[in-house]
Amino acid sequence: MNFSEVFKQSNHLCKVSPDGKYLATCVQYRLVVRDLSTLQILQLYTCLDQVSHMEWSSDSLFILCAMYKRGLVQVWSLEQPDWHCKIDEGSIGLVSSRWSPDGRHILNTTEFHLRITVWSLCTKAVSYIKYPKACQKGIDFSRDGCYMALAERRDCKDYVSIFVCDDWHLLRHFETETQDLAGLEWSPNGCVLAVWDSCLEYKVLLYSLDGRLLSTYCAYEWSLGVKSVSWSPSSQFLAIGSYDEKVRILNHITWKKIIQFEHPATIDNTKAIVYKEVDRRPAVVSDELSLHNITMGSTLFSTQSKYEICPLPVQIPVVKPEPDRANPKIGVSVLAFSSDSRYLATKNGSFQVQSLKWHCSGDSVILLGKDQLCLCYMDTDYEEK
Amino acid sequence: MGEWRATNAYMEGPEISSISHVTISPSRHNHVPGYSFPLSRSSYSVISAFCTEDNVPQSISYLNQELAVLGLSMCIEASSAEGASLKAVPVLNTMYELLQINKRNMCALEEMEKEQLKKLSTLEHIQISNSRLKDQLELSMREKSGLHETERQLQLKIKTLQSCLKTEKEEVQKLQSIIASRASQYSHDAKRKEREAAKLKERLSQLLVDRKERKLAIDVLNSLGRSDGKRSMWKTAKLSASHESEMYKTLLGDYETSRKALILENAELKKVLQQMKKEMMHILAPRQQSTSGATAADDSQEQVESDEEKAGNTSREAFDHSCELAREQLLNSIRQQWRKLRNHVEKLDQVSQVHNQMESNKETIPLETHEDEMERMRQEVQQCREFIHAQQQLLQQQLNTSFDDETAALLNDCYTLEEKERLKEEWKLFEEQKKNFEKERKNFTEAAIRLGREKMSFEEDRAAWLKNHFLNATPFANRRRYSSSDGQSALSVRSEPEVRMSSAKAKRSKSPTYTTFSTPKPSRSSPVPSTTELYRTLRLLPDGSCSKHSNRGRWLETSTVEEGHPQIKSNLQARAEHRRRKNRYYRSALGKRKRTNTQRMSSSSNLTTMKKAVQQLRFEASINRVKVSQAAVDLQQFCLQNALQDPLLTGVSSSTNPFRPQKVCSFL
């Protein structure tokens, strides 16, 4: 294994292009694009200020660099180095900037979520979308890039607008039966939109593309509700992680719960294998769980530490929620399906896991912790059982 | 008796004082009368004032009155008018009566005193227990009061708690209402705030738009082409319509895919259903035959219907999967089938329950027998196992010693091992017997040979003698003699051919004895053997032939016996002895004949020969002879004696029979 020299970067801005050929890193106000195979600098762009956000376009041709402080967005072309584009949001401010799926439009969210400005790089046209809702996940593009769902708040009521990304035509606009909409997510086939309420109420609503309410799911009342929602890649299952430390999985036909996984403090399932980091601070291993009750063993990759198989039952350190503080660190906060929809990785409680990602082969998980990265391989022979 | 008299004497004194005295110390009086006697004596002297010589009649009358009062009919009478002396008999009687009364009273008194003592003790006991109970009562009263107190306190507590609860409930209600009001207030405020924020946002955006800031612009070098290469279109109704249609297309596509998946699933489920139906029908079919006629008819009808439905279903399936009619019919048929199955199962349950009840009533005794049977079977199995084990062990042994042929052969038929050994012993015995017989025969033959030789020598002697006689005789005088001798010689000649004939006969029979005998050598002049020898040999000669005969017979016998039992052996030996004795008898008879013959032959034999003959006769006379009849009787007796042990007559018992049929071992 070879290691390259260390490249400088700032604000954790270091991204590989979607086609996997280039690597873009930001160093203060400079944007450096390298060829991944040779690691040689292809382009060097200079932005107007320190870059706070950087994003590749879907076709890997353009790079967006947002400077939130200045309310500026600069776009660079990889093919035409002298092409440049600068979008100034002006005094209205900027809190978020992102590409549209086609890579020709930029969506800027202004301060106070006053509006979303859609800038077209093709026509230089600008369009505004009013009343966007400031919430956990208020905007979501469908997987094929055709439609965009946007949560809106008007007159103290939640609405969802569905736009056609092609020309930002408003396709549907409907009110949702939520108290305080917290997020929405398209199913991978782009036909069902899952909408969930804020944590004060356990409520998951499912809308079809044309705005019909397909189903409503409510597991319990009164206590804190949904924390995370994730679709399986096959669109057949919807996993809902909640504050009661359980994952419920709905099917796509009747939208009823088919199974419920708990996160017990002691793992005594005989099928489970638990690996524990020994040398360093323990308790990095995230929860084990799978759709088919096959527990994945986590092998953590680190140079200094080793991992041992713990004899069952294993006691997982549990954080008691503090009642006087908001947003308790309990509940299932991260859900990740493997690409073949066979496994589900979850993160429960206050583990130092930033993100969970499955490898496309579906037999290994990347765990990004606060100060380390873990690769969890699953023995493929094991799953044959 | 002395005491009694003493008391009597004392009793003659005044009774009242004594009674009074007695009441004072009854025990003393009872136990130490000797002691009280002098005391009463002294008292007598003191209270002698009662009766003096002057007032005897008065005192008598007084005493009579007193006695009447006491209920005694007797009265003391003065013997004389003056009353100086009393009539002894009534006085004594009254005295006796009084004594009796006194005694009785004393006894009663004693008993009563005892009673009193007892009662006193019981009283004491009762008093003690009473006091104890009083204490207990007091204690319990105190406890009771304490409990009352605690109960009161608890009730108070309950009351306070209830009031607390009430207040708490009220509090809760209040709080709930407060929360509700607060929540509503909060939501209201939130809405207000949100509205305000919205207004502010509106205002801000308006302001921002109104200002038309220079900065709020896009600065692009040159506009890019669309990623799909198409040109952007104007926003028209057509476009929106196309969007709509596209959306519906995607939706439709999604529904189509889901429908397809569902159809596939449906088809599979249908397949499963059909299979289930088939199996159900298969299960239900035999039941219909067994059940009673009415239900069977019903079922068969249903069966036919369901069959029709099934056919319809399958035919429809081919045309249209989602035909509702087909689905309904399918559902109906399934329901019917299901109902039937359920009924069937219920029926079966009932039947089984009834059956169980019946069985539980019935099967109590059979179960025991069954267990017994089982136990027996187990035992049998155990036995069989042991048997097999033994067999295996034997086999193992055989395998181990298979190199030894003889033992292997023995082990091959381990059942007949014993018998074989026994037979072997028998065989040995027979062999020995055979040897003995051989020996005897040899002896006989040797004797015969000797006899032949002796005979030959005798012939030679005779020839020599004849020659001498012929030569010694005068031609004339000797002629007559000669003639006579000739006659004799003729006789002898006549006898010679006899001998020769016999020899020829012997030759023909090829007996070794006769061959030796038929080759006389007249040239050899051997000394004449002693007559005793001769006779012995002569006696032996027929014995030889006879022995041969008997031998043969014996052989026959042995051959027959050989297969028989060893018990025969002694029998046989005895018989052989008998035969020998008989032979001896025959021999002697034969010897006599020969002797006469020889006597005739040597009519004028010399003295020595005569002497020898005498010797021989003496010898023979000394021999103990047995008559044939006696021998026969002996023989018969022996036979009868041993008849019981003769297996040929009585048969062999199965326990000792070595050739009994083998037991057949068979597994059950």
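**Figure 1. W168(A) is a buried residue in a loop of a predicted model.** In this predicted model, W168(A) has a relative accessible area of 9%, so it counts as buried. The residue sits in the loop between strand 15 (157-164) and strand 16 of chain A. Its backbone deserves a look. W168(A) is not a glycine, and yet its phi is positive, at about 55°.

**Figure 2. Y131(A) also has a positive phi.** The angle is about 55°, although Y131(A) is not a glycine. Find Y131(A) in the loop that links strand 12 (126-130) to strand 13 (139-141) of chain A. Is Y131(A) buried or partly exposed? Its relative accessibility is 27%, so Y131(A) counts as partly exposed.

**Figure 3. Y22(A) and W56(A) form a stacked pair of rings.** Across all chains, the structure holds 8 aromatic pairs. In this one, the ring centres of Y22(A) and W56(A) are 6.2 Å apart. Their planes meet at 20°, so the pair is stacked. Y22(A) belongs to strand 2 (residues 22-27) of chain A, and W56(A) to strand 5 (residues 53-56) of chain A. The pair therefore ties together parts that are 34 residues apart in sequence. W56(A) is buried, at 6% relative accessible area.

**Figure 4. F174(A) and Y207(A) form a tilted pair of rings.** The centres of the F174(A) and Y207(A) rings lie 4.8 Å apart, and the planes stand at 40°, so this pair is tilted. Which strands hold the two residues? F174(A) is in strand 16 (residues 169-175) of chain A, while Y207(A) is in strand 19 (residues 204-208) of chain A. The pair thus ties together parts 33 residues apart in sequence. F174(A) is buried, with 10% relative accessibility. Y207(A) is buried too, with a relative accessible area of 2%.

**Figure 5. Three aromatic residues make one cluster.** The members are F62(A), W83(A) and W99(A).

**Figure 6. D59(A) and R104(A) join two loops by a salt bridge.** Over all chains, the count of salt bridges comes to 22. Here the closest N and O atoms of D59(A) and R104(A) are 2.9 Å apart. D59(A) lies in the loop between strand 5 and strand 6 (62-67) of chain A. R104(A) lies in the loop between strand 9 (96-99) and strand 10 (105-109) of chain A. The pair therefore ties together parts that are 45 residues apart in sequence. D59(A) is partly exposed, at 25% relative accessibility. R104(A) is buried, at 7%.

**Figure 7. R154(A) and E152(A) meet in a salt bridge.** The N to O distance between their side chains is 3.0 Å. E152(A) has 2% relative accessibility and counts as buried.

**Figure 8. R378(B) and E375(B) form a salt bridge within one helix.** Their side chains meet at 3.4 Å, N to O. Both residues lie in helix 10 (residues 364-400) of chain B. They are 3 residues apart, which is about one turn of the helix. E375(B) is partly exposed, with a relative accessible area of 41%.

**Figure 9. Shared partners link salt bridges into a network.** The network joins K133(A), R153(A), D158(A), D180(A) and E194(B).

Figure 10. Which element gives the largest share of the positive patch? Helix 6 of chain B does, with 3 residues. K199(B) has its place in that helix 6 of chain B. K199(B) is exposed, with a relative accessible area of 63%.

**Figure 11. Negative charge gathers in a surface patch.** The residues are E110(B), E111(B), E113(B) and E115(B). E110(B) is found in helix 6 (residues 88-211) of chain B. With a relative accessible area of 40%, E110(B) is partly exposed.

**Figure 12. Three leucines make a nonpolar surface patch.** L117(B), L120(B) and L123(B) form a patch of about 290 Å². L123(B) is in helix 6 of chain B. Its relative accessibility is 45%, so L123(B) counts as partly exposed.

Terms used: Residues are numbered from 1 along each chain as its sequence is written. Chains are lettered from A and ligands numbered from 1 in the order in which they are written. This is a predicted model: local features need pLDDT of at least 70, side-chain atom pairs count only at pLDDT 80 or more; totals for chains, interfaces and linings use all residues. Side-chain values use heavy atoms; hydrogens and water are left out. Patches are made of residues with over 30% relative accessible area and no salt bridge: like charges are joined within 9 Å, nonpolar side chains (Val, Leu, Ile, Met, Phe, Trp, Tyr) within 5 Å. Accessible areas come from the Shrake-Rupley method with a 1.4 Å probe; for residues, only the protein chains shown count as cover. A salt bridge is a side-chain nitrogen of Lys or Arg within 4 Å of a carboxyl oxygen of Asp or Glu. Lys and Arg count as positive and Asp and Glu as negative; His and the chain ends are not counted. The place of a charge is taken as NZ of Lys, CZ of Arg, CG of Asp or CD of Glu. Helices (H or I, at least four residues) and strands (E, at least two) are DSSP runs, numbered from the N terminus. Buried means under 20% relative accessible area, exposed over 50%, partly exposed in between (1.4 Å probe, protein chains only). Rings of Phe, Tyr and Trp (its six-membered ring) pair if their centres lie within 6.5 Å; planes under 30 degrees apart count as stacked, over 60 as edge-to-face and the rest as tilted.
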